[in-house]
Amino acid sequence: MDALLFNLTTAALMVLMFTCARTLIGEDTIGLRRIPWAAAGLTAVALAGVVTQLCWHGAMAALDADPSKSGWWRGLTSIFMQNGGAVGTVWNIVTLAVIAALAEWFWSGPLMLVLFAAGAFLPQLIDVLLGATSGSADPRNFAGSSGATYFLAATLAAALLLRSRTPKERFLALGVPTLGLALWFARANGHGLVATYGFAIGAVAWGLGRHALRPERDLQQPPRRTMASLAAIVGKR
(Lines give C-alpha, C1' and ligand atoms only; values in the text may rest on other atoms or scores of the structure.)
Protein backbone atom coordinates (compact mmCIF):
# COMPACT_ATOMS: atom_id res chain seq x y z
CA MET A 1 0.00 0.00 0.00
CA ASP A 2 2.83 2.42 0.82
CA ALA A 3 4.49 1.77 -2.56
CA LEU A 4 1.18 2.32 -4.36
CA LEU A 5 0.54 5.58 -2.53
CA PHE A 6 4.10 6.70 -3.28
CA ASN A 7 3.67 6.00 -6.99
CA LEU A 8 0.24 7.62 -7.19
CA THR A 9 1.32 10.83 -5.49
CA THR A 10 4.48 10.99 -7.59
CA ALA A 11 2.41 10.57 -10.75
CA ALA A 12 -0.05 13.21 -9.53
CA LEU A 13 2.79 15.71 -9.24
CA MET A 14 3.83 15.02 -12.83
CA VAL A 15 0.24 15.37 -14.06
CA LEU A 16 0.03 18.74 -12.32
CA MET A 17 3.27 19.91 -13.90
CA PHE A 18 2.21 18.63 -17.32
CA THR A 19 -1.01 20.60 -17.01
CA CYS A 20 1.00 23.72 -16.19
CA ALA A 21 3.34 23.14 -19.15
CA ARG A 22 0.47 22.52 -21.57
CA THR A 23 -1.26 25.68 -20.34
CA LEU A 24 1.96 27.66 -20.74
CA ILE A 25 2.56 26.49 -24.30
CA GLY A 26 -1.08 26.52 -25.35
CA GLU A 27 -2.52 23.16 -26.33
CA ASP A 28 -4.06 24.58 -29.50
CA THR A 29 -0.65 25.85 -30.70
CA ILE A 30 1.23 22.52 -30.58
CA GLY A 31 0.40 21.66 -34.18
CA LEU A 32 1.91 24.97 -35.32
CA ARG A 33 5.22 24.49 -33.56
CA ARG A 34 8.46 23.15 -35.00
CA ILE A 35 9.60 19.59 -34.53
CA PRO A 36 11.50 19.46 -31.19
CA TRP A 37 14.69 17.85 -32.43
CA ALA A 38 16.63 18.40 -29.19
CA ALA A 39 13.88 16.65 -27.22
CA ALA A 40 13.81 13.84 -29.78
CA GLY A 41 17.57 13.42 -29.46
CA LEU A 42 17.41 13.37 -25.68
CA THR A 43 14.66 10.76 -25.78
CA ALA A 44 16.68 8.70 -28.26
CA VAL A 45 19.61 8.65 -25.85
CA ALA A 46 17.29 7.51 -23.06
CA LEU A 47 15.93 4.75 -25.29
CA ALA A 48 19.48 3.73 -26.18
CA GLY A 49 20.13 3.37 -22.46
CA VAL A 50 17.16 1.01 -22.12
CA VAL A 51 18.36 -1.06 -25.09
CA THR A 52 21.81 -1.22 -23.52
CA GLN A 53 20.31 -2.58 -20.32
CA LEU A 54 18.34 -5.20 -22.23
CA CYS A 55 21.35 -6.33 -24.24
CA TRP A 56 24.01 -6.09 -21.52
CA HIS A 57 23.34 -7.76 -18.20
CA GLY A 58 26.08 -5.78 -16.45
CA ALA A 59 24.99 -2.34 -17.69
CA MET A 60 23.52 -1.15 -14.40
CA ALA A 61 26.54 -2.22 -12.37
CA ALA A 62 28.90 -0.51 -14.81
CA LEU A 63 26.94 2.68 -15.48
CA ASP A 64 24.86 3.58 -12.41
CA ALA A 65 25.85 6.25 -9.87
CA ASP A 66 26.51 4.01 -6.88
CA PRO A 67 28.95 6.11 -4.78
CA SER A 68 30.71 2.94 -3.61
CA LYS A 69 31.95 2.34 -7.16
CA SER A 70 34.58 4.27 -9.09
CA GLY A 71 34.15 5.77 -12.55
CA TRP A 72 34.04 9.39 -13.66
CA TRP A 73 31.34 8.63 -16.23
CA ARG A 74 28.72 7.41 -13.77
CA GLY A 75 27.27 10.84 -13.06
CA LEU A 76 26.25 11.10 -16.72
CA THR A 77 25.47 7.53 -17.73
CA SER A 78 23.32 6.86 -14.67
CA ILE A 79 20.80 9.43 -15.92
CA PHE A 80 19.92 7.10 -18.77
CA MET A 81 19.77 3.89 -16.77
CA GLN A 82 16.30 2.92 -15.56
CA ASN A 83 15.69 0.91 -12.39
CA GLY A 84 11.92 1.19 -11.91
CA GLY A 85 10.89 -1.98 -13.71
CA ALA A 86 8.93 -2.14 -16.96
CA VAL A 87 6.16 0.25 -15.87
CA GLY A 88 8.60 2.73 -14.35
CA THR A 89 10.78 2.67 -17.45
CA VAL A 90 7.85 3.36 -19.78
CA TRP A 91 6.68 6.18 -17.49
CA ASN A 92 10.14 7.74 -17.42
CA ILE A 93 10.62 7.59 -21.19
CA VAL A 94 7.16 8.92 -22.05
CA THR A 95 7.30 11.77 -19.54
CA LEU A 96 10.81 12.66 -20.68
CA ALA A 97 9.74 12.84 -24.32
CA VAL A 98 6.67 14.96 -23.60
CA ILE A 99 8.19 17.34 -21.05
CA ALA A 100 11.38 17.83 -23.08
CA ALA A 101 9.32 18.77 -26.15
CA LEU A 102 7.22 21.28 -24.21
CA ALA A 103 10.36 22.69 -22.59
CA GLU A 104 12.13 23.02 -25.93
CA TRP A 105 9.23 25.00 -27.39
CA PHE A 106 9.33 27.39 -24.47
CA TRP A 107 12.97 27.59 -23.40
CA SER A 108 14.62 26.68 -26.76
CA GLY A 109 16.60 23.50 -27.39
CA PRO A 110 19.95 24.54 -25.85
CA LEU A 111 18.46 25.95 -22.65
CA MET A 112 16.18 22.94 -22.30
CA LEU A 113 19.24 20.68 -22.34
CA VAL A 114 21.02 22.89 -19.81
CA LEU A 115 18.02 22.77 -17.46
CA PHE A 116 17.73 19.00 -17.87
CA ALA A 117 21.41 18.66 -16.97
CA ALA A 118 20.85 20.93 -13.97
CA GLY A 119 18.07 18.64 -12.83
CA ALA A 120 20.40 15.67 -13.14
CA PHE A 121 23.34 17.10 -11.22
CA LEU A 122 22.00 19.82 -8.90
CA PRO A 123 20.40 17.48 -6.31
CA GLN A 124 23.68 15.58 -5.93
CA LEU A 125 25.59 18.84 -5.59
CA ILE A 126 23.21 20.06 -2.88
CA ASP A 127 23.63 16.76 -1.05
CA VAL A 128 27.39 17.24 -1.08
CA LEU A 129 27.19 20.87 0.05
CA LEU A 130 24.84 19.98 2.90
CA GLY A 131 26.77 16.87 3.80
CA ALA A 132 23.64 14.73 3.44
CA THR A 133 24.24 11.05 4.09
CA SER A 134 20.58 10.04 4.29
CA GLY A 135 17.31 11.48 3.02
CA SER A 136 18.97 12.47 -0.23
CA ALA A 137 17.25 15.02 -2.44
CA ASP A 138 18.11 12.87 -5.47
CA PRO A 139 15.13 10.57 -6.19
CA ARG A 140 16.97 8.40 -8.69
CA ASN A 141 18.43 5.84 -6.28
CA PHE A 142 21.67 5.85 -8.28
CA ALA A 143 19.92 5.62 -11.68
CA GLY A 144 17.01 6.99 -13.70
CA SER A 145 15.90 10.04 -15.66
CA SER A 146 12.91 10.89 -13.47
CA GLY A 147 14.67 13.44 -11.28
CA ALA A 148 15.87 15.52 -14.22
CA THR A 149 12.48 15.25 -15.92
CA TYR A 150 10.56 16.41 -12.84
CA PHE A 151 13.03 19.26 -12.40
CA LEU A 152 12.58 20.32 -16.04
CA ALA A 153 8.80 20.12 -15.83
CA ALA A 154 8.79 22.33 -12.73
CA THR A 155 10.71 25.07 -14.56
CA LEU A 156 7.72 25.42 -16.89
CA ALA A 157 5.35 25.73 -13.94
CA ALA A 158 7.46 28.61 -12.62
CA ALA A 159 7.33 30.32 -16.01
CA LEU A 160 3.55 29.95 -16.01
CA LEU A 161 3.35 31.64 -12.61
CA LEU A 162 5.45 34.59 -13.76
CA ARG A 163 3.86 35.02 -17.20
CA SER A 164 0.19 34.37 -16.52
CA ARG A 165 -2.23 37.09 -15.54
CA THR A 166 -4.98 34.61 -14.72
CA PRO A 167 -5.42 33.83 -10.99
CA LYS A 168 -6.53 30.26 -11.79
CA GLU A 169 -3.33 29.58 -13.76
CA ARG A 170 -1.15 31.14 -11.08
CA PHE A 171 -2.84 29.03 -8.44
CA LEU A 172 -2.22 25.96 -10.60
CA ALA A 173 1.47 26.83 -10.93
CA LEU A 174 1.88 27.46 -7.19
CA GLY A 175 0.48 24.00 -6.61
CA VAL A 176 3.72 22.49 -7.93
CA PRO A 177 6.12 23.59 -5.15
CA THR A 178 3.32 23.21 -2.59
CA LEU A 179 2.64 19.59 -3.54
CA GLY A 180 6.35 18.96 -4.04
CA LEU A 181 7.25 20.07 -0.53
CA ALA A 182 4.28 18.19 0.90
CA LEU A 183 5.54 14.97 -0.74
CA TRP A 184 9.05 15.59 0.57
CA PHE A 185 8.07 16.29 4.18
CA ALA A 186 5.29 13.70 4.37
CA ARG A 187 6.94 10.82 2.53
CA ALA A 188 10.58 11.87 1.90
CA ASN A 189 9.75 11.68 -1.80
CA GLY A 190 12.75 13.16 -3.60
CA HIS A 191 10.70 13.91 -6.71
CA GLY A 192 8.86 16.55 -4.71
CA LEU A 193 12.01 18.30 -3.55
CA VAL A 194 13.60 18.12 -7.00
CA ALA A 195 10.45 19.70 -8.45
CA THR A 196 10.77 22.50 -5.91
CA TYR A 197 14.36 23.09 -6.98
CA GLY A 198 13.25 23.14 -10.60
CA PHE A 199 10.53 25.65 -9.82
CA ALA A 200 13.07 27.98 -8.21
CA ILE A 201 15.57 27.63 -11.05
CA GLY A 202 12.82 28.11 -13.62
CA ALA A 203 11.84 31.39 -11.99
CA VAL A 204 15.46 32.54 -12.12
CA ALA A 205 15.87 31.41 -15.74
CA TRP A 206 12.80 33.33 -16.85
CA GLY A 207 13.79 36.39 -14.84
CA LEU A 208 17.24 36.49 -16.43
CA GLY A 209 16.32 35.45 -19.96
CA ARG A 210 12.80 36.71 -20.58
CA HIS A 211 14.00 39.43 -22.97
CA ALA A 212 16.05 36.99 -25.06
CA LEU A 213 13.68 34.01 -25.10
CA ARG A 214 11.06 33.79 -27.83
CA PRO A 215 8.54 31.11 -26.86
CA GLU A 216 6.04 32.40 -29.46
CA ARG A 217 8.51 32.51 -32.37
CA ASP A 218 6.88 29.58 -34.18
CA LEU A 219 3.52 31.32 -34.05
CA GLN A 220 4.94 34.57 -35.41
CA GLN A 221 7.27 33.00 -38.00
CA PRO A 222 5.82 29.58 -38.91
CA PRO A 223 8.57 26.97 -39.48
CA ARG A 224 8.72 24.90 -42.67
CA ARG A 225 8.14 21.66 -40.77
CA THR A 226 5.58 21.69 -37.98
CA MET A 227 4.13 19.07 -35.67
CA ALA A 228 0.94 19.13 -37.76
CA SER A 229 2.84 18.49 -41.00
CA LEU A 230 4.75 15.66 -39.35
CA ALA A 231 1.51 14.12 -38.13
CA ALA A 232 0.09 14.37 -41.66
CA ILE A 233 3.12 12.59 -43.13
CA VAL A 234 2.92 9.84 -40.53
CA GLY A 235 -0.83 9.53 -41.08
CA LYS A 236 -0.40 8.95 -44.82
CA ARG A 237 1.87 6.02 -44.12
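Predicted model: local features only at pLDDT ≥ 70, side-chain atom pairs only at ≥ 80, totals over all residues.

User: What makes Phe106 and Trp206 an aromatic pair, and which geometry class applies?

Analyst: Their ring centres are 5.3 Å apart, and the limit is 6.5 Å, so they pair. The planes stand at 40 degrees. Stacked requires under 30 degrees and edge-to-face over 60, so this pair is tilted. Phe106 sits in helix α5 and Trp206 in helix α9 (residues 190–209), 100 residues apart, so the pair links distant parts of the chain. Phe106 has a relative accessible area of 1%, which makes it buried. Ring pairs also join Phe106, Trp107 and Trp206 into a cluster.

User: How many aromatic pairs does a search of the whole structure find?

Analyst: The search finds four. One of them is formed by Phe80 and Phe116.

User: What makes the pair of Phe80 and Phe116 stacked?

Analyst: The angle between the planes is 25 degrees; the class requires under 30 degrees, so the pair is stacked. The centre-to-centre distance is 6.5 Å, and pairing requires centres within 6.5 Å.

User: Why is that pair said to tie together parts apart in sequence?

Analyst: Phe80 lies in the loop between α4 (74–77) and α5 (85–107), while Phe116 belongs to helix α6 (residues 109–130); the two parts are 36 residues apart in sequence, so the pair ties them together. With relative accessible areas of 12% for Phe80 and 5% for Phe116, each falls under the 20% cut-off and is therefore buried.

User: How do you know whether Leu4 is buried, exposed or partly exposed?

Analyst: Leu4, in helix α1 (residues 2–25), has 48% relative accessibility. Buried is under 20% and exposed is over 50%, so Leu4 counts as partly exposed. A patch residue needs over 30%, and Leu4 forms a nonpolar surface patch with Met1 and Leu8, with about 380 Å² of accessible area together.

User: What makes the link between the side chains of Asn189 and Thr10 a polar contact?

Analyst: The distance is 2.7 Å, and the limit for N or O atoms is 3.5 Å, so the pair meets the distance criterion. Asn189 lies in the loop between α8 (167–187) and α9. At 1% relative accessible area, Asn189 is buried. Beyond its neighbours within four places in sequence, Asn189 is in contact with Phe6, Thr9, Thr10, Leu183 and Trp184.

Methods: Residues numbered from 1 in each chain as written. Heavy atoms only, no water. Phe/Tyr/Trp six-rings, centres within 6.5 Å; stacked < 30°, edge-to-face > 60°. Helix = DSSP H or I, 4+ residues; strand = E, 2+ residues; numbered from the N terminus. Buried < 20%, exposed > 50% of the residue type's maximum accessible area, 1.4 Å probe, protein only. Patch = residues over 30% accessible without salt bridge, like charges linked within 9 Å, V, L, I, M, F, W, Y side chains within 5 Å. Areas by Shrake-Rupley, 256 points an atom, 1.4 Å probe, with all protein chains shown as cover. Salt bridge = Lys/Arg side-chain N within 4 Å of Asp/Glu carboxyl O. Polar contact = N/O pair within 3.5 Å; in protein donor to acceptor, adjacent residues only side chain to side chain. Contact = heavy atoms within 4.5 Å.
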